[in-house]
Amino acid sequence: HSARAALRVAQRRGAAALCSGALSDAAVLDKLASGQMAFHKLEAELGDPVRAMRLRREHLASTFGAGAHADAIRALPSDALDAAGFYGQVDGACCENVIGYVPLPVGTIGPYKIDGKAVYVPMATTEGALVASTHRGARAISASGGATTELLADGMTRAPALAMPSLKAAAELKRWLEDPASLDELNLAFKATSRFGRLLAVKVGIAGKYAHVRFKCFTGDAMGMNMVSKGVNKVVESILEKYPGTQLLGLSGNMCTDKKPSAINWIDGRGKSVAAEAILPASVVASVLKTTPAAVARLSVHKNLIGSALAGSIGGQNAHASNILTAIYLAAGQDPAQNVESSTCLTLCEEVPAATPGGESSLYVSCMMPSIEVGTVGGGTALAAQAACLGIMGVKGAGETPGANSQQLAKIVCASVMAGELSLLAALSVNHLVSAHMALGRRDRK
């Protein structure tokens, strides 16, 4: 029975592709604009993946109209690599001992309504169904009024390890560094190394006569590790002068904490701390997500909260936040290794009772991510493809206000994670996960 059903589906797709293949590019674009042809079904409709990709790009560019967003779509490489330009950008900035490159497909979700604005979000991944699922979540949220986000904090950290002559000396250093009155003096040294960097706070951990000093700093639109390291190094020099006998053991003593799971990042944050929320009527949950608010809310408690507690997770109170975040990081030139702490996330889902008798209930969903480490300048953001992806989101380069673009990127990441969380929880609540992956991630190859 299943084999016959699969054959019928294949025959219908083949017939559709044959019919659509006779359409001109202009006719296909018209059908996309009018909604008569589905954006995500172009490959099946046209029977030509290359043409589908090309027309999808043209449709997105025309949706944006004239301007930077449309230019960014067209700047995203889709066929031949500009080898000279690419390797020239890589040299001295992104990689050593270069022998080639690894192509990754880039998909997009959207238009996704985030804080009242329609956003398209590029994702680079080889996991079939990930983009489709996240897009489904974004579609459901957008149909319900959109996602709302808030920036809760912004500060990159670096924590050098210092050896003091004694416990008493270490405690004295802690008291001085954590005194708010000392911040101006420390900033004099820190600001000497950067136009945008600013020291925000200091926290000191003591282990006997050893002091681990966690400096938290504002870094503008850069992710900021290099900026912070230079500034903190200068501050350490001033500490060594003020406290004779102090030794620098290492500029990073792991209380930062970079690229490792830690409670301090989960509690105090690192990079951008962002939260997002949305409320979806039961009718949208049913029509788009094929489930109910009660089913999603119940699963979220047992999976994200109880299951993660039994596993002893630190920041793992979510369904698959790392999936979405890492795909955006790869597309947008971020450091993918920082997904370790950046993808820590608390996802909550609650059923909201109907406001009036006979009315429909709603689903409340939120994500809190305390350590999103992103930048829109520096590192991989300068590469042409990655810069194009940032441009598609409207956050390429430095913002008019220092830090505005990187903060907006962090908000987009959190809202996108929420869309992916919602869609996966919905699929799990009605046991659709396996069938979705089989349909979208297991194409027969001949």
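The dialogue below takes helix packing, then ring pairs.

Q: What describes two packed helices?
A: The angle between their axes and the distance between those axes. This is a predicted model. Here the axes of α9 (residues 183-191) and α10 (residues 225-242) come within 8 Å and cross at roughly 125°. Angles from 65 to 115 degrees count as roughly perpendicular and those over 145 as roughly antiparallel, so α9 and α10 are oblique to each other. Their crossing is right-handed.

Q: Which residues of α9 and α10 meet?
A: From α9, Glu 185, Leu 186, Ala 189 and Phe 190. Their partners in α10 include Met 227, Val 228, Gly 231 and Lys 242. The residues of this contact divide into seven nonpolar, two polar and three charged.

Q: What describes a pair of aromatic rings?
A: The distance of the centres and the angle of the planes. The structure holds four aromatic pairs. In one of them, Phe 64 and Tyr 120 have ring centres 5.2 Å apart and planes at 75°, so the pair is edge-to-face. Phe 64 sits in helix α4 and Tyr 120 in strand β2, 56 residues apart.

Q: Are Phe 64 and Tyr 120 buried or exposed?
A: Phe 64 is partly exposed, at 23% relative accessibility. Tyr 120 is buried, at 7%.

Q: What is the geometry of the rings of Phe 86 and Tyr 101?
A: Their centres are 6.0 Å apart and their planes at 70°, so this pair is edge-to-face. Phe 86 lies in helix α6 and Tyr 101 in the loop between α6 and β1, so the pair ties together parts 15 residues apart in sequence. Tyr 101 is partly exposed, at 46%. Ring pairs link Phe 86, Tyr 87 and Tyr 101 into a cluster.

Definitions and conventions:
Residues are numbered from 1 along each chain as its sequence is written. This is a predicted model: local features need pLDDT of at least 70, side-chain atom pairs count only at pLDDT 80 or more; totals for chains, interfaces and linings use all residues. Side-chain values use heavy atoms; hydrogens and water are left out. Axes are lines fitted to C-alpha atoms, for helices over the stretch in contact, and angles run from 0 to 180 degrees between N-to-C directions. Helices (H or I, at least four residues) and strands (E, at least two) are DSSP runs, numbered from the N terminus. Angles under 35 degrees count as roughly parallel, over 145 as roughly antiparallel, 65 to 115 as roughly perpendicular and the rest as oblique. A crossing is left-handed if the near helix is turned anticlockwise from the far one by less than a right angle, and right-handed if clockwise. Contact means heavy atoms within 4.5 Å. Ala, Val, Leu, Ile, Met, Phe, Trp, Tyr, Cys and Pro count as nonpolar, Asp, Glu, Lys and Arg as charged, and the others, Gly among them, as polar. Rings of Phe, Tyr and Trp (its six-membered ring) pair if their centres lie within 6.5 Å; planes under 30 degrees apart count as stacked, over 60 as edge-to-face and the rest as tilted. Buried means under 20% relative accessible area, exposed over 50%, partly exposed in between (1.4 Å probe, protein chains only).
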